[in-house]
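Hi,

Here is the structure I promised to pass on. Have a look at it first, then read my notes below.

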Amino acid sequence: MKFSDIPAVFKILGDEGLIPVQTIDDKLVVANAEGIKYLFKEGRGEEEKMFTQVFPEIRKQGLDFKVLVLPDILKVVGGATKEGGKEKTDKFLILNFYEGESYNKQWNESNPDSLGGRSIDSNLAEKMVDLLGDFAQIDLSGLKIHKLTEFDLETWMMRHFLLMRDSLIQKKIFSENHLKRVEQILGDKTLFNGSRKIITNGDFYPRNFIGINDGKIVVIDWEGRIDYEEEMKVGEISEKVTGWRNAFVNYLENHAAFLFVHMWGNYAFGKKLTKQLVERFKIEPRNLQAALLIKAMEQAYLWRGNMAHLPVDQAQILVNALDEQYIKDLIS
């Protein structure tokens, strides 16, 4: 999004006494008359609800996080405007600005040299495990009223898997034999039986993190983006299938696999991540394998229209994960 394409932005900033200072990806750094900086971003998807309803509930739990920082919001601005005779709603969030290391510089789709996390130090994997550990402290019971997107394996297999497989075979990203084998592995009714669901931002990889000076990490992107809403025919009935790739509530293994798949260009990171996950959370290898298959398939489906390297490189993780020896090597 280009802020220059939304005239309301500059009126809002003027009304709030803020001036643009810097652009970071699709966000603006703004400052008030005293020079205090804030982050100004479009309120997409579930972000307003997360910042104004869910975060306050989490903070009431009084948890002592080792590395996790939930960003503070100053206010929500904007609203309904008329453009070309039509009414539209533009909501924006003004957040606290956090000085630190923006991993967006090291993992950015617009920079081929940073794809797959090639330049990220593999030692960051340890901090990612700590971050997952912090998220795992959050009690989900009081958050159910907010109806956050939540992954369910049985539904995923009956709807999402079937929707994705035909397209991926047609695009020649995966073979039919690959996906038959995936179906066999994920058909195990005991998968994730000993696993726990946790909440994260759903888009759990470095470009959405800021490392700050005290060693903590601010998780800044909470859209819960829906990657697709597509009609699927089940028997004689057409159903709408809504993407769960960025589900807020998911198995810890799936959140970790999301990170692993995005770091496809940094094997040392992936190996360190998976080994420490198994040691700390006692993750079963078969559940790790299942999570890698799910997330590699979702990523390949997301990028199926881009027939450059992205779907191929991320699809290779699925092919690798079909081999039990590959999983053993990862965690050894």
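Let's begin with leucine 95, which is found in strand β6 (residues 86–96); helices (H or I, at least four residues) and strands (E, at least two) are DSSP runs, numbered from the N terminus. Leucine 95 counts as buried because its relative accessibility is 2%, where buried means under 20% relative accessible area, exposed over 50% and partly exposed in between (1.4 Å probe, protein chains only). Setting aside neighbours within four places in sequence, leucine 95 is in contact with Tyr38, Leu39, Lys41, Phe51, Asp72, Ile73 and Leu74, contact meaning heavy atoms within 4.5 Å. Arginine 245 is 150 residues from leucine 95 along the chain, and their C-alpha atoms are separated by 25 Å.

Before you go further, a word on the model: it is predicted, so local features need pLDDT of at least 70 and side-chain atom pairs count only at pLDDT 80 or more, while totals for chains, interfaces and linings use all residues. Residues are numbered from 1 along each chain as its sequence is written, and side-chain values use heavy atoms, with hydrogens and water left out.

Now the whole chain. The protein chain has ten helices and 13 strands. Its radius of gyration is 21 Å, close to the 20 Å that the globule rule gives for 332 residues, so the chain is as compact as a globular protein of that length. (That radius is taken over C-alpha atoms, and the rule is 2.2 Å times the number of residues to the power 0.38.) The C-alpha atoms fill a box of roughly 60 × 50 × 40 Å along the principal axes, and 51% of the 332 residues count as buried. Of the contacts between residues at least 6 apart in sequence, 70% join residues at least 24 apart.

Next, find helix α4 (residues 153–170). Helix α4 packs against helix α8 (residues 285–302) at an angle of about 45°, with the axes 10 Å apart; axes are lines fitted to C-alpha atoms, for helices over the stretch in contact, and angles run from 0 to 180 degrees between N-to-C directions. That makes α4 oblique to α8, since angles under 35 degrees count as roughly parallel, over 145 as roughly antiparallel, 65 to 115 as roughly perpendicular and the rest as oblique. The residues where α4 and α8 touch divide into ten nonpolar, one polar and two charged. (Ala, Val, Leu, Ile, Met, Phe, Trp, Tyr, Cys and Pro count as nonpolar, Asp, Glu, Lys and Arg as charged, and the others, Gly among them, as polar.)

The other partner of α4 to look at is helix α5 (residues 176–186), packed at about 175° with axes 11 Å apart. α4 and α5 are therefore roughly antiparallel to each other. Their contact has nine nonpolar, no polar and four charged residues.

Arginine 165 counts as buried, at 10% relative accessibility.

Two loop residues are worth a click too. Phenylalanine 192 has a positive phi of about 65° although it is not a glycine, and sits in the loop between α5 and β8 (197–199). Lysine 282 also has a positive phi, about 55°, without being a glycine, and belongs to the loop between α7 (267–281) and α8. Buried or exposed? Phenylalanine 192 is buried at 2%, whereas lysine 282 is exposed at 65% relative accessibility.

Cheers
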